Amino acid sequence: MLGLFKALGTTLSVIVRKPVTLQYPAVHKELPHRTRGFPVLLWNFEVVEPFCTGCRVCARYCPSECISVTMKDNPLYAEGKSKRRKIVDRFYLDYGRCMRCNICVEVCNFDAIVLNNSWSGHEVSRYDRRDLVNDLDDLLAESKGGGLTNPFREPLGMAHSGWSPKPRGEKAEAE
Amino acid sequence: MIADNPWIDATVRTLLVVLLVILVVLILIWLERKVAGRIQMRLGPMVTGPYGIIQSAADAIKLLTKEDLRPATADRWVFELAPFVAFVPSLLALIALPFTAHLFVRNLELGLFYIVAVSGLSTVGLLMAGWGSANKYALLGAVRGAAQLISYEIPLVLAILAVAMVSGSLNLVEIVNEQGRVPYIVWQPLGFAIFIIATLAELRRNPFDIPAAESEIIGGPFIEYSGIRWSMFFFAEYINVFVLSVLGSLVFLGGWNWPLGNEVGWPLQVVLILLKTSAMLLLFMWLRSTLPRLRIDQLMSFCWQVLLPFAFVAIIVNGLVLVYEWPDVVLGLLSGVAALVAGALVYHSSHRTVPSQPWSLVPAKGID
């Protein structure tokens, strides 16, 4: 009986609170920095070329085999503008197969690929699944537009929720 | 009188009231979703129109254009007539419902009796829906509904009867005019509490939505209905909510009379009674989104063991006060004390712990 009135008080206090709902298509929630969207390539603004050399390491390690890469001689190297002999020729990434496992980012030797942590890395639905296959220009567009600022920012272990891994020493002491 | 010819007069008045009620129901459905949403920290409908205000109109169009399905095993005429049997009595109650001293269809001498009698008829529609659907969930819901509605009709009528004893009339206009000084809620808190609880049960709303319990019998009698017939059931339900809220504000909250008096003119009186009705409606919505559903045996025992005896207490107290001509304050005090006693009784019975059986570990057979 008293719990009944307590419950009524609770709902009355909730009704004056601000609703937690965000009207999603109109309002976008702020994403954590370590959000895993779909992978995109990074653009080197200093040399004006992609970081990717087309070494195919990401394609070889990709568990779902969604990446296909070819390599070519770098025309900027011949002109003396770049130190990179080889550069990516064609790069296809199928978002329909990608499972955002982050392995391509881990294995890349040139920090050329990164998971898109902005909303454009999530809102990729298309009417035709063939439109989910992205070419080099599509993958570079986000980085060229300046959408990915400092994608490798530290501290890397800090999630949005405030969770962080324990220092190794503590665990050793407990055991 | 709007026109000289009584037939034209009655038709115009009925049309006005029906139009008002359709508008009220559409607003009610929207408001209910908004209030329930805010209580659950959601926004409620937001997309159709500013703050989703035309959501119920969109829903109405959707329901009217849906296919009207009937199960092959259903009893055809019972199934198809059930929505009308539920719908018409809820409209009938509007005939005797006064909104101000002059704004009504007909001022019946037995208005209170008539409204209670007519609103009890919707049980038949419910039973027809449950029987005609040829569905076990529908039948279960209908039988539950009949048991609940018939049981709670009695405390509801007795609570209203207590008021009628004090006012000395069953005419709603006269009952309201009696409350010029103090509304009856002050003198009859016990009656008001019984009225609210019995009304919730009568309207089949949370925590008494046992006949239509979605999580147990998936909507009860309405399970096989779709489109316009389903919407008729819900239209009837919301009309009943509105009618009983207006009735409560007339009988217990002083209607259009208190506190402004009878001479302020009808526009202010309409605003006043709509405010009181809204307060009742918001109370119902608040209770609905707060309290969990009762079990059917809890529901029945609460009705017969708590509400009914205390409804008799209310009537006896009223009778004593009226016969010995004690002052009204005594009535208010006695009724308030009785309401508190009822609450305390419910509190104690719900917190009573069954003494646990002494137990010990018994070794399994074959193990020494």
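Axes here are lines fitted to C-alpha atoms, for helices over the stretch in contact. With that in hand, here are some exercises on this predicted model.

**Exercise 1.** Work out whether helix 6 of chain B and helix 13 of chain B are roughly parallel or roughly antiparallel.

*Solution.* Two packed helices are described by the angle between their axes and the distance between the axes. Start with the distance: the axes of helix 6 (residues 136-167) of chain B and helix 13 (residues 296-324) of chain B come within 9 Å. Next, take the angle, which is roughly 15°. Angles under 35 degrees count as roughly parallel, so helix 6 of chain B is roughly parallel to helix 13 of chain B. As for handedness, helix 6 of chain B passes helix 13 of chain B in a left-handed crossing. Finally, look at who takes part: the residues of this contact between helix 6 and helix 13 of chain B comprise 22 nonpolar, three polar and one charged.

**Exercise 2.** Find how many residues each chain gives to the contact between chain A and chain B.

*Solution.* Chain A contributes 13 residues and chain B contributes 14 residues. Now sort the side of chain A that touches chain B: nine of its residues are nonpolar, three are polar and one is charged.

**Exercise 3.** Describe the make-up of chain A, from its elements to its contacts.

*Solution.* First, count the elements: chain A has six helices and seven strands. Then read their order from the N terminus, which is α-β-β-β-α-β-α-β-α-β-β-α-α. Next comes burial: 22% of the 175 residues of chain A count as buried. Last, among the contacts in chain A with a separation of 6 or more, 73% join residues 24 or more positions apart.

Methods: Residues are numbered from 1 along each chain as its sequence is written. Chains are lettered from A and ligands numbered from 1 in the order in which they are written. This is a predicted model: local features need pLDDT of at least 70, side-chain atom pairs count only at pLDDT 80 or more; totals for chains, interfaces and linings use all residues. Axes are lines fitted to C-alpha atoms, for helices over the stretch in contact, and angles run from 0 to 180 degrees between N-to-C directions. Helices (H or I, at least four residues) and strands (E, at least two) are DSSP runs, numbered from the N terminus. Angles under 35 degrees count as roughly parallel, over 145 as roughly antiparallel, 65 to 115 as roughly perpendicular and the rest as oblique. A crossing is left-handed if the near helix is turned anticlockwise from the far one by less than a right angle, and right-handed if clockwise. Ala, Val, Leu, Ile, Met, Phe, Trp, Tyr, Cys and Pro count as nonpolar, Asp, Glu, Lys and Arg as charged, and the others, Gly among them, as polar. Two residues are in contact if their C-beta atoms, placed from the backbone, lie within 7 Å. A residue is buried if 20 or more other C-beta atoms lie within 10 Å of its own, exposed if 12 or fewer, and partly exposed in between; C-beta atoms are placed from the backbone.
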